Each structure stands twice: as structure tokens, then as C-alpha cells.
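Hi,

Here is the structure I promised to pass on. Have a look, and my notes on what turned up follow below.

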Amino acid sequence: MNRIYKLPTALDRKTILQIVLLAIIYFGVSKISLSLAYLPGAATPIWIGSGLGFAAIWSLGYPLLPGIFLGQFISNISTQELTPTSILLSFIFGIADALSQLLAVYLINRSIRDRHLLDRAQDVFSFVLFAALLAPALHATICVTTMCLLGKAPWTIYRHLRKQSKPLCS
């Protein structure tokens, strides 16, 4: 297994700088994604940060996961009024985004082994399945479930029984 996919015991200066830069860039592209939302500041179907996070973890390794968390956390906090609930939601959304990207990279690494990412049709299928479908679905499920648990969204959204007047999470 390549060394960049092992979790570090201590972070060096270069890795810390990469984490900070990833968080800053993630924050910037999150603002761009939110500008594409149908309702300003609401959920958006295009979340550029997830692709950026996947690419960073894929190419530079698991030690950059805190950058994804920080970027997501700061972008969520900056769009809401600071309350204990909004801080908790932002924290959980950040964890959910980092975990979903970790899962996608891990599963792709397991399925393609030492080949290049898009060498074979089977590898392209793995990429689409894990990075484009599973990771966003996991992230969205964690976000929506958390909002329901905290009373910020009704449980009926899982059954699509009534339309939401406000989008759920970014």
C-alpha cells in the first residue's frame, strides 16, 4: 500500500500547510457552489467541494481529511447565525463530508489496487459508484438525518409525503 494512504502519527509542516490550503480552497468553492443554489444560502445540487476533497485525498492521501472537515465546517458556520445547534450541525456536516470522501477513496483503492484510476471500464464504474454516487448519498443521508433528529426538518422528507418550502442542508 502506498505510504500516502496510511494515517499519520504526527503531521509535518508541509502536511499542515496542505490542510490549511485545502480548507481555504474548499471554503472558496463552497461559496461558489452556494451561489449556484436556487434559493440563496440554501442547499445546492452542485457541491464543488466534494470533488475537490476527493481529488485531494486521492492524490495527496488521507492526512488531508482535516482540510475537508475544516472547509465544510467554516463554510457552513459562515452562512448561519451562531447558535449551539448551528455549530453542532456544521460540525456534523463537516464530519459527514470527510467520512464520505474517506469511504470513497478507500473503496476505490480497494477495488482498483495498483492500476491507474480510469484505465479500465471496471475502474470507471468503481469511480462512478463510490465517488459520484455512494459518497454524496452517504453525506446527504447523514445531514438530513441529523437535521431531523435536531428538529430542523420533518421526518416526512424521507417518504416525500410533503414538499419542503426550504431546502435542507448545503
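**What I found**

Arg 120 and Asp 123 make a salt bridge, with their closest N and O atoms 3.5 Å apart. The term needs a side-chain nitrogen of Lys or Arg within 4 Å of a carboxyl oxygen of Asp or Glu, and by that rule the count is one salt bridge. Arg 120 is partly exposed at 33% relative accessibility, while Asp 123 is buried at 0% (buried is under 20% relative accessible area, exposed over 50%, partly exposed in between, with a 1.4 Å probe and protein chains only).

Before you read on: this is a predicted model, where local features need pLDDT of at least 70, side-chain atom pairs count only at pLDDT 80 or more, and totals for chains, interfaces and linings use all residues. Numbering starts from 1 along each chain as its sequence is written, and side-chain values use heavy atoms, without hydrogens and water.

Now the helices (DSSP runs of H or I, at least four residues, numbered from the N terminus). Helix α4 (residues 84-112) packs against helix α5 (residues 121-149) at about 160°, with the axes 9 Å apart. That makes α4 and α5 roughly antiparallel, the label for angles over 145 degrees.

UniProt's unreviewed entry annotates "transmembrane region" at residues 20-40, 46-65, 86-108 and 128-150; such annotations may be inferred rather than shown by experiment. In the model, residues 86-108 are 100% helix and 0% strand, with end C-alpha atoms 33 Å apart. Residues 128-150 are 96% helix and 0% strand, and their end C-alpha atoms lie 32 Å apart.

Cheers

How values were computed
Axes fitted to C-alpha atoms, helices over the stretch in contact; angles between N-to-C directions. Helix = DSSP H or I, 4+ residues; strand = E, 2+ residues; numbered from the N terminus. Parallel < 35°, antiparallel > 145°, perpendicular 65-115°, else oblique.
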